[in-house]
Amino acid sequence: MLLIDCPWCGPRDDSEFQYGGEAHKRRPPAPDQVSDAVWADYLFHNQNPKGLYLERWRHSAGCRRWFNIARDTVSHAVLEVYPADALPSNAAARAVYEQNWRRENEAAANAAAVAETTEIGA
Ligand SMILES: [Zn+2]
């Protein structure tokens, strides 16, 4: 049994919760304008670490709110529970967030967008 500490309701059995997959995945803002590879990345490619993982959960049998958890996939120890729109404050969990391959892809996409904007403005 996994005991999850809902930020609004307190500790509850994991049977009250729905797993929502990897945390901090961003849906492409215009799905009809992205390549199949980008869309497949969003839909199908997830981290699958042996160790600390950032996950989305919903208290489906309680307050029905979404939130994030930093959980060790080996020991099932919950390191931190934090709001869905926030980043983890725990240093180890923050490192997992920053080392995720999605952050590198986002940085590259942002750099390309800035370069494109600069070319247009020049
Ligand atoms: Zn709740």
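Two strands count as paired if DSSP finds at least two bridges between them. In this predicted model, strand S1 (residues 3-6) and strand S2 (residues 10-13) pair in the antiparallel sense over four bridges, and Asp5 has Pro11 in S2 as its bridge partner. The protein as a whole has three helices and six strands, which follow one another along the sequence as β-β-β-α-β-β-β-α-α.

**Overall make-up**

- Of the 122 residues in the protein, 11% are buried.
- Among contacts in the protein with a separation of 6 or more, 47% are between residues 24 or more positions apart.

**The S1-S2 hairpin**

- S1 and S2 form a hairpin, and three residues lie between the two strands.
- Ile4, which falls within the residue range 3-6 of S1, is one of the residues of the largest nonpolar core.

**The four-stranded sheet**

- Four strands make up an open sheet in the order S3-S4-S5-S6, with antiparallel pairing.
- Strand S3 (18-22) and strand S6 (78-83) stand at the edges; each has a single partner strand, so one side of each has no neighbour in the sheet.
- On average, neighbouring strands of this sheet are turned by 30° against each other, direction ignored.
- S3 and S4 run antiparallel and are joined by three bridges.
- Gln18 stands opposite Arg58, a residue of S4.
- S5 and S6 also pair in the antiparallel sense, over five bridges.
- Ala70 stands opposite Glu80 in S6.
- Helix H2 lies across S4, S5 and S6, and runs at about 90° to S4.

**The nonpolar core**

- The largest nonpolar core has 11 residues: Ile4, Ala23, Leu52, Tyr53, Leu54, Trp57, Phe67, Ile69, Ala70, Ala93 and Val96.
- Strand S4 (52-58), strand S5 (66-72) and helix H2 (91-98) are the elements that give two or more residues to this core.
- S4 gives the most, with four residues.

- Trp57 counts as buried because 25 C-beta neighbours lie inside 10 Å, where the cut-off for a buried residue is 20 or more.
- Not counting residues up to four places away in sequence, Trp57 touches Ile4, Phe17, Gln18, Tyr19, Gly20, Phe67 and Ile69.
- Trp57 and Tyr19 are 38 residues apart along the chain, and their C-alpha atoms are separated by 4.7 Å.

- Lys50 is found in the loop between helix H1 (36-44) and S4.
- Lys50 counts as exposed because it has 8 C-beta neighbours inside 10 Å, and the class takes in residues with 12 or fewer.
- Leaving aside neighbours within four places in sequence, Lys50 is in contact with Thr73 and Val74.
- The C-alpha atoms of Lys50 and Asp72 are separated by 7.7 Å, with the two residues 22 residues apart along the chain.

- Most residues other than glycine have a negative phi.
- His24 has a phi near 70°, a positive value in a residue other than glycine.
- The loop between S3 and H1 holds His24.
- With 17 C-beta neighbours inside 10 Å, His24 counts as partly exposed.
- His76 likewise is not a glycine, and its positive phi is about 65°.
- The loop between S5 and S6 holds His76.
- S5 and S6 form a hairpin with five residues between them, and His76 is in the turn.
- His76 is exposed, with 11 other C-beta atoms within 10 Å.

Definitions and conventions. Residues are numbered from 1 along each chain as its sequence is written. This is a predicted model: local features need pLDDT of at least 70, side-chain atom pairs count only at pLDDT 80 or more; totals for chains, interfaces and linings use all residues. A nonpolar core is a set of buried Ala, Val, Leu, Ile, Met, Phe, Trp, Tyr and Cys residues joined through C-beta atoms within 7 Å. Two residues are in contact if their C-beta atoms, placed from the backbone, lie within 7 Å. Axes are lines fitted to C-alpha atoms, for helices over the stretch in contact, and angles run from 0 to 180 degrees between N-to-C directions.
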